[in-house]
Amino acid sequence: MIPTTDICDANEDKIAAGTLRVVAPIFKSWGKSTQFMGQAHTLKVFEDNSLVRSALEKDGRGKVLVVDGGGSTRCALVGGNLGLLADKNNWAGIVVYGCVRDTLELNSCQVGIRALAAHPMKSQKRGVGHENIDVALDFTVVRPGDWVYVDEDGVLISDTNLI
Ligand SMILES: O=C([O-])CC(=O)C(=O)O
């Protein structure tokens, strides 16, 4: 993958126009893939990971699951079992505006994972949330189908494929 630094340097016009967006540097990294890219499949949930599981149960076709968890640091939205599911079903990565758990298990998964922090508690499972809508990672908008580029230097969201 082209480094996020190079993508930024080559696309200053798009950053100025807002069609390429740089997410604030708020994430920690888990999973073996420290670099990943793909189109966004979006979820908006709050302290309930039912939709995260149902999305990861489907074929990811190389996409990145973008989970807007509202920034909650009160429970985890992804754990070891969901990491294994992501590997099995061809997801390139998972970006969570919220927390994860079972981080030792997540680190043995191939999928790339970014989240705010580790948290030991599981979430509720009431089936509440929205799929395939515009979401936010902190102050950065992510629309379904946007291109997501992630590496050791950051997380980029683009309206178009830049690679
Ligand atoms: O099911 C959950 O809430 C998340 C979890 O712990 C796992 O994926 O193993």
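How many helices and strands are there in the protein? Colour by secondary structure and you'll find five helices and 12 strands; these are DSSP runs, helices being H or I of at least four residues and strands E of at least two, numbered from the N terminus. A word on the ground rules: this is a predicted model, where local features need pLDDT of at least 70 and side-chain atom pairs count only at pLDDT 80 or more, while totals for chains, interfaces and linings use all residues. Residues are numbered from 1 along each chain as its sequence is written.

**The whole thing**

Zoom out. The C-alpha trace spans about 40 × 30 × 25 Å along its principal axes. The radius of gyration, taken over C-alpha atoms, is 14 Å, which agrees with the value near 15 Å that a compact globule of 163 residues would have (the globule rule is 2.2 Å times the number of residues to the power 0.38). Of those 163 residues, 43% count as buried, that is, with 20 or more other C-beta atoms within 10 Å of their own; 12 or fewer makes a residue exposed, anything in between partly exposed, and C-beta atoms are placed from the backbone.

Select S7 (residues 112-118) and S2 (residues 28-30): the two run antiparallel, joined by three bridges. (Strands pair if DSSP finds at least two bridges between them.) Click Lys 28 and look across to its bridge partner in S7, Ala 115. S6 and S7 run parallel, with six bridges between them; Val 100 stands opposite Ala 118 in S7.

**Around the ligand**

Which residues are around the ligand? Select Asn 49, Gly 79, Gly 80, Asn 81, Leu 82, Arg 101, Asp 102, Lys 122 and Ser 123; near here means a C-beta atom, placed from the backbone, within 6 Å. The shell divides into one nonpolar, five polar and three charged residues, where Ala, Val, Leu, Ile, Met, Phe, Trp, Tyr, Cys and Pro count as nonpolar, Asp, Glu, Lys and Arg as charged, and the others, Gly among them, as polar.

Is Asp 102 buried or exposed? Asp 102 is buried, because 21 other C-beta atoms lie within 10 Å.

Last stop: Arg 61, in the loop between helix H3 (50-56) and strand S4 (64-68). Arg 61 also has a positive phi, near 45 degrees, but with 12 C-beta neighbours inside 10 Å it counts as exposed.
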